Amino acid sequence: MSRVRMSHIPKEEVAMKRSLKPSPFLAPMPVLMIATYGPDGTVDVMNMAWGGICGTDKVALNITETHRTVANIKERRAFTIAVADVAHVQEADFFGIATGNRMADKFERSGLTAARSEHVDAPVIEEFPLTLECEVLEAGESVSGYRVVGRIVNVLADETVLSADGAPDITKVNPLIFDQFHNDYYALGERVAGAWAAGKGLMG
C-alpha cells in the first residue's frame with residue numbers, strides 16, 4: 001500500500017534518508033538541575049539531560065553511579081529538579097562540566113544560592129524559576145545505568161513565571177533546550193499549535 005502511495009509523489013519531494021550510528025538522538029531534551037545534600041550538608045548540583053517525567057507525579061533519572069549525586073541520593077533519599085533557564089546558562093553548564101568529586105566548593109563557585117526544601121531533604125536553588133521537590137521511590141542499577149524514580153511531592157514556581165490561570169507559562173520560564181546532535185543549548189521557539197487540538201481534523 002505504501003509503495004502505491006509513494007508512486008504518486010514526485011521524486012523531488014521525497015526526502016532521502018541516511019542511516020546513522022546508534023546515538024541518543026531525540027530532541028528536544030530538557031536541561032535539568034539535580035540538587036542534593038552531601039553527608040555534611042554541602043549543596044551539590046549536577047546538570048543532566050537523561051531524565052524526565054514518567055508519570056503524573058513521578059520523574060525518572062538515569063545517572064552514572066560514580067556521580068556524587070548518586071551517593072547523596074542513596075544517603076538522603078531525596079532530590080530537587082530545577083528547570084535550567086536561559087538567564088543562567090553559564091551556571092547550568094558549569095554544573096555539567098565540574099564534578100563535586102574533585103571540587104569541594106563547586107556550588108559556591110557558581111554564585112547561586114540555596115534554601116532547604118520544606119518538603120524533602122534536599123536544597124532548592126533559588127535562582128532557577130521552577131523546581132520539583134522529589135522523594136525517592138526506587139533506585140538501583142539498570143540496563144541504562146543507575147536509575148532513580150522519584151515522586152513529586154511539591155512544585156515551587158516564581159510568581160513572575162506564572163500565567164493568569166496559576167500554571168507556569170513556558171515562555172516566562174524560558175527553559176534551556178539541549179541539542180544532543182551537536183552539544184549546544186537552544187532557547188524555546190514559537191508556539192505552533194494547541195495540544196489535543198491540532199490533530200482533530202483527521203478524526204473523520
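## Overall picture

The chain carries five helices and twelve strands, where helices (H or I, at least four residues) and strands (E, at least two) are DSSP runs numbered from the N terminus. This is a predicted model, so to speak of local features pLDDT of at least 70 is needed, side-chain atom pairs count only at pLDDT 80 or more, and totals for chains, interfaces and linings use all residues. Residues are numbered from 1 along each chain as its sequence is written, and side-chain values use heavy atoms, with hydrogens and water left out.

Along the principal axes, the C-alpha atoms fill a box of roughly 70 × 45 × 30 Å. Of the 204 residues, 36% count as buried, meaning under 20% relative accessible area with a 1.4 Å probe, protein chains only.

## The sheet

Seven strands form an open sheet in the order β3-β2-β6-β9-β10-β5-β4, with antiparallel pairing; two strands pair if DSSP finds at least two bridges between them. At the edges are β3 (43-48) and β4 (51-55), each with a single partner strand, so one side of each has no neighbour in the sheet. Ignoring direction, neighbouring strands are turned by 35° against each other on average; axes here are lines fitted to C-alpha atoms, for helices over the stretch in contact, and angles run from 0 to 180 degrees between N-to-C directions.

Strands β9 (residues 130-142) and β10 (residues 145-157) pair over twelve bridges in the antiparallel sense. In that pairing, T131 sits opposite L156 in β10.

## Helices on the sheet

Helix α2 (residues 68-76) lies across β2 (32-37), β3, β5 (58-63), β6 (78-83), β9 and β10, and runs at about 55° to β2. Helix α3 (residues 89-97) packs on the sheet too, touching β2 and β3, with its direction at about 95° to that of β3. Contact means heavy atoms within 4.5 Å.

The largest pocket has a volume of about 540 Å³, a volume being the space filled by probe spheres set on grid points joined across faces, edges and corners. A pocket is an open set of points on a 1 Å grid over the protein atoms alone, where a 1.4 Å probe fits, with protein on both sides within 12 Å along at least five of seven lines; lining residues have an atom within 4 Å of a point. Its lining has 29 residues, with M46, N47, M48, H67 and G96 nearest the centre.

The second largest pocket comes in at about 310 Å³. Among its 14 lining residues, P30, V31, L32, I53 and V83 are closest to the centre.

Technical notes. Buried means under 20% relative accessible area, exposed over 50%, partly exposed in between (1.4 Å probe, protein chains only).
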